[in-house]
Amino acid sequence: MTSSLIAGSRPVPRSEAGPDARGQRRRTALVGIGYLAPALLFYAVFLLVPFFHSVYLSFCSWDGISPKRWVGLDNYRSIMGSAQYRDAFAHSFVLIGFYTILTMAVALVLVGFLGSTKVRGMVLLRAALFLPYVITPVVTGVAWRWLLAPDGPVNAVLRAVGLDGWARAWLGDFDWSLPSVGLIGTWMLLGLALVLLIAGVQRIPPDLYEAARLDGAGPVREFLAVTLPGVRSEVAVVTVLTVTAALRNFDLIYVTTQGGPGSSTEVPSFLVYQQAFFVGDLGLASAMGVLLTLLILVLTMLTLRPWRKG
Amino acid sequence: MPKIRFRRHFTPLSAALLAATLTLAAAAAGCSSGSDAEKSGGGTLVVQNGLGGSTGLLAIYQKLNQQFESENPGVKVDFVTKSFDDLAATSKLQLSGSNPPDVVQVNRGYQALGAFAKGGLLTDLADYAKQYGWETRQSSSQLQLNRHSKDGKLMGDGPLWGLDATTAWIGLLMNTEVATKLGITAEPKTIQELESQMQTAKAAGEIPMQFGSASGELAAWLLSELLLAQGGPEAVQNLVFHKGDATFTSPTAVFAATTMKSWGDKGFFTPDWTAYKTDQVLANFTSGKGLFTLTSSRFMPLAGTPEETKKFKMVFFPSVSGQGVSAVGAGDIPWTIPAKSKNKDLAAKYIDFVTNEKSAEQFLAGGAIPSKPPADVETAITSANLPAPSQDAVRNGIKLVSDGTPVPYVDWGAPELYPVISSSFDKLMSGSLSVDDFLGQLQNAYGPFVKSLQEG
């Protein structure tokens with residue numbers, strides 16, 4: 001069966017192309033489409049059609065009921081001209097700092113330790129590390145709201161050890177609310193990053209570590225020369241996933257701060273929700289959604305570029 | 001040979017997959033339309049509410065639905081509950097579709113009730129109002145909030161689109177035990193008295209007002225109450241109904257913003273108040289901390305036994321002059337009939353049933369404030385055996401509806417007002433926005449919207 005599958009799906013060389021070969025290629029293509037059809041149909045109906053409809057709506061003024069009015073680039077102009085929207089995008093980049101850079105840094109340090117040593121009960125450890133990612137963000141948000149409340153456990157610990165000056169309303173503080181949300185996100189995504197990176201480390205042949213040690217490499221050198229190059233594709237995957245999570249971030253913001261205090265934790269997806277469902281300006285909300293999609297697309301392409309070349 | 005085997009074996013499989021996908025998609029479409037048709041036809045009345053979380057009210061509605069069913073043999077009420085946010089987010093699509101619920105609660109405001117009226121998605125209730133006598137059942141100021149012009153431009157004017165069964169109002173919740181300890185014997189009648197009582201509490205190390213802005217609504221309530229306190233009902237009504245060239249830069253608005261800012265500066269609010277949501281504010285207050293809090297009567301009954309909650313009293317937010325009975329308050333989300341409802345007459349009968357005097361008694365017995373006040377309020381309250389703060393809420397709520405002026409929430413004036421009040425309030429209080437800048441931002445969310453409606 002396997003051999004027949006391989007024989008059938010192998011492309012026919014051009015030099016052999018006769019009427020029979022062409023017909024066979026067409027049939028092969030049809031078979032391919034047949035396999036793709038179920039997924040493609042759902043993808044088209046639930047993703048592509050709504051996306052292109054949103055692109056169309058982003059050029060309209062529409063309240064969801066009255067006839068749509070074509071306004072060209074007006075919605076995009078209002079977004080670019082509004083300090084509130086620009087700030088929201090800036091907040092997303094701060095969150096990328098936490099969700100991606102901090103998560104990756106902590107995960108790599110931990111992987112550096114775990115990669116070169118044999119850990120007993122790795123399966124259990126991995127399950128425990130992955131848990132924060134499996135928990136619904138809403139539950140995570142509610143739990144952290146309690147932990148970071150003005151009279152919550154985090155502040156209680158700080159006061160108990162004499163750091164009264166550090167205790168504050170973490171999620172209600174103009175300076176600390178965004179970093180607090182960022183740290184919650186880091187906590188949530190660390191498990192995912194670790195599990196992916198550990199899986200990568202386990203694929204590295206142990207001989208490489210042995211060879212490095214024989215050559216006199218210390219732990220740092222070993223990490224830089226063996227572990228890091230061994231997990232570069234996992235690093236790419238983690239980067240794409242965490243950058244996307246930072247930019248799409250809605251649930252955590254909605255549950256923890258609702259964009260406040262003031263507008264210090266407002267992010268684009270929260271504003272999309274607010275504009276679409278409460279203000280009723282679907283054109284502006286769509287434009288914001290389109291910009292967010294483009295930003296995610298560009299950042300993903302930039303992230304994957306060096307790896308593709310490599 | 002292998003090629004032939006491949007084709008024979010796999011082509012039908014892929015064709016089958018494709019066919020299965022299409023069949024599934026068709027079946028899904030068929031299923032949904034079939035079940036919807038079943039729901040609205042054959043004596044079933046689909047009633048959709050946005051009261052998710054209001055367990056007390058929902059329990060009363062369940063009882064009323066049973067009574068409605070027994071009074072109308074063959075009719076079954078399919079009571080669909082959504083959260084307020086879900087209702088607001090989905091009703092536009094539902095009402096535009098071909099199979100909306102028969103009766104549905106629709107949020108007020110230019111972007112909700114106004115937009116639906118303009119889009120022809122709701123039934124004008126004029127004929128039913130005449131048939132059932134709704135125009136005399138509730139006062140004109142109550143009904144006004146459910147009116148909207150057909151072009152969507154004017155709230156409070158034009159046809160009646162809905163009717164509310166219960167009412168909620170915003171007032172001060174006062175801890176009388178804390179008050180007695182501080183030597184305060186009566187609730188404040190003027191803003192000046194309120195400020196001096198809060199000052200007394202502050203000096204004694206007590207929290208003058210439990211407050212929190214994390215969910216935004218308390219800021220909007222406080223702004224509405226202070227506008228009302230200084231400018232009277234007209235000041236808020238003109239802003240909401242777009243009358244008298246009302247603006248957020250008026251002296252009344254300056255008073256409201258300056259007062260809020262001064263309360264923040266004097267430390268009258270809970271420390272770290274930006275971190276607390278409305279439910280946490282109330283929980284902090286009912287745990288015994290604080291002299292006052294701003295609250296809605298819809299949060300009654302308070303958590304705790306009647307014995308534990310008897311120290312709390314719900315009173316009107318004072319005015320500058322100390323005259324008149326008014327408060328920010330309105331009927332709960334009004335019941336409307338979608339234009340495409342298939343059971344309009346039965347739907348109207350249902351609305352009439354839940355808003356009539358008999359249902360009002362049951363709402364009151366459950367601690368809610370009926371929009372149609374009972375003939376003998378005191379007897380009804382006594383026989384309902386409600387905890388003390390709920391009694392205050394009902395008594396004052398009925399007084400407001402019968403003798404006073406319920407005033408709309410100021411953020412109904414424009415769709416963007418609520419989010420702007422919510423975010424700018426924190427900035428005003430932290431000092432990153434001046435009073436003028438704060439009011440400027442409110443006016444930016446309000447003025448252009450009013451102008452766009454008028455220019456239409």
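**A predicted model, one question at a time**

P132(A) is partly exposed, with 17 other C-beta atoms within 10 Å. Keep in mind that this is a predicted model.

Q: Which helix of chain A holds P132(A)?
A: Look for the helix whose range includes position 132. Residues 122-134 of chain A form a helix, and P132(A) lies in it. That helix is α5.

Q: Which residues is P132(A) in contact with, leaving aside its neighbours within four places in sequence?
A: Here a contact needs C-beta atoms within 7 Å. With the sequence neighbours within four places set aside, the partners of P132(A) are T140(A), W187(A), M188(A), L190(A) and G191(A).

Q: How far apart in space are P132(A) and Y76(A), C-alpha to C-alpha?
A: Along the sequence, P132(A) and Y76(A) are 56 residues apart. For the distance in space, go from C-alpha to C-alpha, and you get 37 Å.

Q: Now over to chain B: which strands stand at the edges of its open sheet of 5 strands?
A: Read the strand order of this sheet, β2-β1-β3-β12-β6, where the pairing is mixed. An edge strand here has a single partner strand, so one side of it is left without a neighbour in the sheet. In chain B that picks out β2 (76-81) and β6 (162-163).

Q: How many residues does domain 2 of chain B bring to its contact with domain 1?
A: The domain assignment puts 39-163 + 333-370 of chain B in domain 1 and 168-330 + 407-455 in domain 2. Domain 1 of chain B gives 12 residues to the contact. From domain 2 of chain B, the number is 14.

Q: How many charged residues are on the side of domain 1 of chain B that touches domain 2?
A: On this side, α4 (110-118) and β5 (155-160) of chain B each supply at least two residues. Sorted by class, there are 5 nonpolar and 5 polar residues. The charged ones number 2.

How values were computed: Residues are numbered from 1 along each chain as its sequence is written. Chains are lettered from A and ligands numbered from 1 in the order in which they are written. This is a predicted model: local features need pLDDT of at least 70, side-chain atom pairs count only at pLDDT 80 or more; totals for chains, interfaces and linings use all residues. Two strands pair if DSSP finds at least two bridges between them. Helices (H or I, at least four residues) and strands (E, at least two) are DSSP runs, numbered from the N terminus. Domain bounds come from an automatic or database domain assignment. Two residues are in contact if their C-beta atoms, placed from the backbone, lie within 7 Å. Ala, Val, Leu, Ile, Met, Phe, Trp, Tyr, Cys and Pro count as nonpolar, Asp, Glu, Lys and Arg as charged, and the others, Gly among them, as polar. A residue is buried if 20 or more other C-beta atoms lie within 10 Å of its own, exposed if 12 or fewer, and partly exposed in between; C-beta atoms are placed from the backbone.
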